[in-house]
Amino acid sequence: MINKRLILASKSPRRYDLLSPNFDETLVVVTDVEEKYNSQEPDKIVQELARLKLSDLPQKYFDDIVVAGDTIVWYEGKLFGKPKDKADAFAMLKELSGKCHQVYSGYAVAYKGKVVVGCDKCDIIFKNLSDLVISKYIESGSPMDKAGSYGVQDGVVVDSFKGDINTIIGLPLDKILKVCKELLANG
């Protein structure tokens with residue numbers, strides 16, 4: 001347990017569920033930023049976006065730990081974010097069906113004027129998905145707020161993965177908690 005208040009710059013219920021049990025108190029404060037990035041490599045993109053999502057929160061909440069994150073799916077040089085609509089979700093799932101791709105989750109942690117950014121990567125292998133399975137999954141609503149149009153925790157589309165499941169869900173929890181403890185020790 002970290003004896004500090006966490007300011008979570010994310011409306012993701014999954015990120016909240018991962019982080020909040022580790023802090024005295026968690027306050028969700030979402031900034032309205034346009035998610036634009038200059039980087040071309042997936043690890044740099046998620047770190048750039050996570051830092052951007054911090055916005056001015058580290059100044060407003062100087063004595064609290066502020067965490068922001070970003071997750072993308074990457075396949076053959078192409079970024080898969082959250083789907084725009086059901087047709088977009090279908091296209092993403094169809095393209096990833098039966099293939100191996102990567103998930104990158106970046107984070108930015110701020111405390112007392114210091115900011116640490118980082119990321120983690122996992123390899124995911126999808127099941128071979130029929131159009132019917134994809135359609136039923138989309139109708140469940142679950143894919144619509146997730147990068148790549150899926151959640152590993154749903155157990156529907158992922159055959160196997162290599163890496164930290166928390167990274168796939170939305171944040172490399174162990175890495176973030178380590179950074180928080182280091183910032184507190186040096187803060």
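The legends below describe a predicted model, in which local features need pLDDT of at least 70, side-chain atom pairs count only at pLDDT 80 or more, and totals for chains, interfaces and linings use all residues. Residues are numbered from 1 along each chain as its sequence is written, and side-chain values use heavy atoms, with hydrogens and water left out.

**View 1. K36 and E34 form a salt bridge.** Let's begin with the pair from the opening question. The closest N and O atoms of K36 and E34 are 3.7 Å apart. A salt bridge here is a side-chain nitrogen of Lys or Arg within 4 Å of a carboxyl oxygen of Asp or Glu. Side chains of opposite charge can pair when their charged atoms come close.

**View 2. K53 and E35 are joined by a salt bridge.** Their closest N and O atoms lie 3.7 Å apart. This pair links distant parts of the chain: K53 sits in helix α2 (residues 42-54), E35 in the loop between β2 (23-28) and α2, and 18 residues separate them. Helices (H or I, at least four residues) and strands (E, at least two) are DSSP runs, numbered from the N terminus. K53 counts as buried because its relative accessibility is 12%, whereas E35, at 46%, counts as partly exposed.

**View 3. D145 reaches R14 through a salt bridge.** Here the closest N and O atoms are 3.4 Å apart. The two residues come from distant parts of the chain, with D145 in the loop between α5 (131-139) and β7 (158-162) and R14 in helix α1 (residues 13-19), 131 residues apart. D145 has 33% relative accessibility, so it is classed as partly exposed. R14 has a relative accessible area of 17% and is therefore buried. Take a look at K146 as well: R14, D145 and K146 are linked in a network of salt bridges.

**View 4. Y16, V28 and V30 make up a nonpolar patch on the surface.** Together these residues have about 230 Å² of accessible area, a value from the Shrake-Rupley method with a 1.4 Å probe, in which only the protein chains shown count as cover for residues. Patches are made of residues with over 30% relative accessible area and no salt bridge; like charges are joined within 9 Å, and nonpolar side chains (Val, Leu, Ile, Met, Phe, Trp, Tyr) within 5 Å. Y16 belongs to helix α1, and its relative accessible area of 33% makes it partly exposed.

**View 5. F126 and Y150 form an aromatic pair.** A search of the whole structure finds one such pair. The ring centres of F126 and Y150 are 4.8 Å apart and the planes stand at 75°, so the pair is edge-to-face. Rings of Phe, Tyr and Trp (its six-membered ring) pair if their centres lie within 6.5 Å; planes under 30 degrees apart count as stacked, over 60 as edge-to-face and the rest as tilted. F126 is in strand β6 and Y150 in the loop between α5 and β7, so this pair, 24 residues apart, links distant parts of the chain. Both F126 and Y150 are buried.

View 6. K121 is in strand β6 (residues 114-126), while T167 lies in helix α6 (residues 165-169). K121 is partly exposed at 42% relative accessibility, whereas T167 is buried at 0%. Contact means heavy atoms within 4.5 Å. With neighbours within four places set aside, the contacts of T167 include T71, V103, S105 and P172.

**View 7. S55 has a positive phi, and so does E76.** Most residues other than glycine have a negative phi. The phi of S55 is near 50°, and this residue is in the loop between α2 and α3 (57-60). E76 has a phi of about 50° and is found in the loop between β3 (65-75) and β4 (78-80). S55 is partly exposed at 37% relative accessibility, while E76 is exposed, with a relative accessible area of 67%.

Methods: Buried means under 20% relative accessible area, exposed over 50%, partly exposed in between (1.4 Å probe, protein chains only).
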